[in-house]
Amino acid sequence: MPPAPNLGAQPGRPANDDPSAEGGPPPSEKPHNPWPIVIGLGAIAVVLVIGVIITATIVLLSGEEDPTGKPGPVTVTATPSTSATAPAPGGLAADLFEGDWRFKLGDVSMNATYVASQDYPDCGPIASAALEKKGCEYAAMGIHDAEDGKLRMLRVIYVFDSEAEATAAAESVKETDFDLPTGSLIADDVIGKWVAKDSSKAVVVGFVTAQKSVPEATVDDYLHYGTADIAGALIFMDL
């Protein structure tokens, strides 16, 4: 099992190898966050979200920049319940990230173990000054592991004051706009990709890093479905 993350700022950031690469696998639904009343609408929302996700390949960290925290126990919590009411800044991590991630859509089935999550009352600790200038107000992040600990999925939500600001930020966001927590990328990674997508007044950024034994297609699946899952849920939240 990779080391549990130190949620302080990551001193270095991965470089973007292929910022023009595009991806858009089939639509997804939102099983991790139970929405008993709107689950049908949630599935439709994920269909709309996943079709326009933009992917970019990143060069992964190595040497002293790799996460080096000591292994810690995996925390597994009960599946959280999300709310359609406005979450106070500092509440999205519990609503959307705590607990194991379980996803199923048709023949597609994926599971990931909860590692860590955190809310940020402002964007400074996890974003650049440039992203804050674009209107980022607060943020939340969650980390899950899969493939026997050989794949790590990090998803970050950046919340803005308006949908227009979120859309503009998603269209112009660069990898240097992110300040990732130490340990949020898997140790000894050899492949990594990221995506960014606006949803309501938020920008959802997904990062997936994996060791060489994990097929690239598996990395793509976790990247697209995992990011679209959160983006679809945010559509029904009054941020």
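## Basis

Local features in this predicted model need pLDDT of at least 70, side-chain atom pairs count only at pLDDT 80 or more, and totals for chains, interfaces and linings use all residues. Residues are numbered from 1 along each chain as its sequence is written, and side-chain values use heavy atoms, with hydrogens and water left out.

Helices (H or I, at least four residues) and strands (E, at least two) are DSSP runs, numbered from the N terminus. Two strands pair if DSSP finds at least two bridges between them. Strand β3 (residues 101–105) pairs with β4 (residues 108–120) in the antiparallel sense through 5 bridges, and tryptophan 101 stands opposite alanine 112. The two strands form a hairpin with 2 residues between them, and glycine 106 in that turn has a positive phi of about 60°.

β4 also runs antiparallel to β5 (residues 136–146), joined by 7 bridges. Here threonine 113 is opposite aspartate 145.

Aspartate 119 belongs to β4. A polar atom of the aspartate 119 side chain lies 3.1 Å from the backbone nitrogen of leucine 92, and one lies 2.8 Å from that of alanine 93.

Lysine 193 sits in strand β7 (residues 191–199). Its relative accessibility is 10%, so lysine 193 counts as buried (under 20% relative accessible area; exposed is over 50%, partly exposed in between, with a 1.4 Å probe and protein chains only). The side chain of lysine 193 makes a polar contact of 2.8 Å with the side chain of aspartate 220.

## Nonpolar core

A nonpolar core is a set of buried Ala, Val, Leu, Ile, Met, Phe, Trp, Tyr and Cys residues joined through side-chain atoms within 4.5 Å. The largest has 27 residues, of which Tyr158, Phe160, Phe178, Val203 and Val205 touch the most other members. β4, β5, β6 (151–160), α4 (163–172), β7 and β8 (202–210) each supply at least two residues.

## Disulfide

There is 1 disulfide (a pair of cysteine sulfur atoms within 2.5 Å). Cysteine 123 is joined to cysteine 136, S to S 1.9 Å. Cysteine 123 lies in the loop between β4 and α3 (129–133) and cysteine 136 in β5, so the pair ties together parts 13 residues apart in sequence. Cysteine 123 is buried at 0% relative accessible area, and cysteine 136 is buried at 8%.

Conventions. A polar contact is a pair of N or O atoms within 3.5 Å; within protein, one must be able to donate a hydrogen and the other to accept it, and residues adjacent in sequence count only if both atoms are side-chain atoms.
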